Amino acid sequence: MTNQSDINTLKLKIQNELIQSGQYDEISKFLKFKLIENGWFDNFKNLASNTISEKENPNFSSLIRDLEPKALEMVPDNVKEETLVKIRQFLDSVIDK
Amino acid sequence: MSGVTTYQSISVSLLEDLLEPIINEIVLESLNNEQILRIKYGNLSNRWDIYNNNTTSFNTTENNGTGNGSTNGNTLAGSANGTPGPSNSNSSSNNNIEYFQCLNCDRRIAGSRFAAHIDKCLGGRTRK
């Protein structure tokens with residue numbers, strides 16, 4: 001049975017491999033491109049600007065705490081899926097080792 | 001099977017890891033833009049005041065020649081009627097010190113006399 005610390009170690013290894021292989025950059029660019037294309041980028045940017053301008057003393061950490069869940073929610077399902085496909089392709093390629 | 005769920009949860013976790021810097025970048029940039037706007041023009045309600053006042057003063061000077069712009073000349077750098085010096089709202093008590101350039105006749109006019117000057121400069125009120 002896999003426990004949490006095993007999973008964390010595994011994830012760390014995967015993250016290292018992801019970065020080293022250059023796949024992190026590639027998938028990241030792909031994701032960003034999709035988000036722009038889909039309008040998510042502009043939508044979230046507007047949300048962020050509007051939220052910030054209405055705050056007396058906007059603070060980065062509290063803004064992120066409030067805005068990040070909304071940002072994740074706003075990502076269209078098809079963009080999530082397409083990116084997950086790429087991530088899974090990568091995982092498949094490393095796990096076989 | 002726990003193997004599949006682990007696979008799934010790691011994928012989703014990686015997706016969120018990828019999204020995080022993108023989100024951070026947008027929030028940071030928006031925050032910076034807001035700070036810059038606040039330094040230049042004050043907070044949001046202030047900016048709306050400036051926008052509204054400038055829109056009406058621009059219209060009235062075009063139509064009737066009455067100089068409304070001078071009341072706002074001290075709060076915004078670059079009002080519709082003239083180019084002011086430092087855009088500091090605390091200087092409203094020093095009306096005699098700040099000079100403004102009338103864009104109509106290119107003369108330099110002291111702040112407290114600007115309204116009267118614009119009044120005459122743009123042709124005055126309608127005489128009947």
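**Entry 1: a salt bridge**

I take a salt bridge to be a side-chain nitrogen of Lys or Arg within 4 Å of a carboxyl oxygen of Asp or Glu. The model is predicted, with local features needing pLDDT of at least 70 and side-chain atom pairs counting only at pLDDT 80 or more, whereas totals for chains, interfaces and linings use all residues. Residues are numbered from 1 along each chain as its sequence is written, chains are lettered from A in the order in which they are written, and side-chain values use heavy atoms, hydrogens and water being left out.

**Entry 2: the interface**

I recorded 3 salt bridges across the interface of chain A and chain B. Across this interface I also recorded 10 residue pairs in polar contact, both residues at pLDDT 80 or more. A polar contact is a pair of N or O atoms within 3.5 Å; within protein, one must be able to donate a hydrogen and the other to accept it, and residues adjacent in sequence count only if both atoms are side-chain atoms.

The side of chain A that touches chain B divides into 25 nonpolar, 6 polar and 10 charged residues. Here Ala, Val, Leu, Ile, Met, Phe, Trp, Tyr, Cys and Pro count as nonpolar, Asp, Glu, Lys and Arg as charged, and the others, Gly among them, as polar.

Contact (heavy atoms within 4.5 Å) takes 41 residues from chain A and 30 residues from chain B. The area buried between the two chains, which is the accessible area (1.4 Å probe) lost on putting them together, summed over both, is about 3,200 Å², and carbon and sulfur atoms give 74% of it.

**Entry 3: chain A**

I counted 5 helices and 0 strands in chain A; helices (H or I, at least four residues) and strands (E, at least two) are DSSP runs, numbered from the N terminus. Of the 97 residues of chain A, 34% count as buried, meaning under 20% relative accessible area (1.4 Å probe, protein chains only).

**Entry 4: the core**

Which residues touch the most other members of the largest nonpolar core? Among them are Trp40(A), Phe44(A) and Ile23(B), in a core of 33 residues. Such a core is a set of buried Ala, Val, Leu, Ile, Met, Phe, Trp, Tyr and Cys residues joined through side-chain atoms within 4.5 Å. H1(B) gives the largest share, 10 residues.

Not counting residues up to four places away in sequence, Phe44(A) touches residues including Leu67(A), Met74(A), Ile23(B) and Val27(B).

Note on methods:
Buried < 20%, exposed > 50% of the residue type's maximum accessible area, 1.4 Å probe, protein only.
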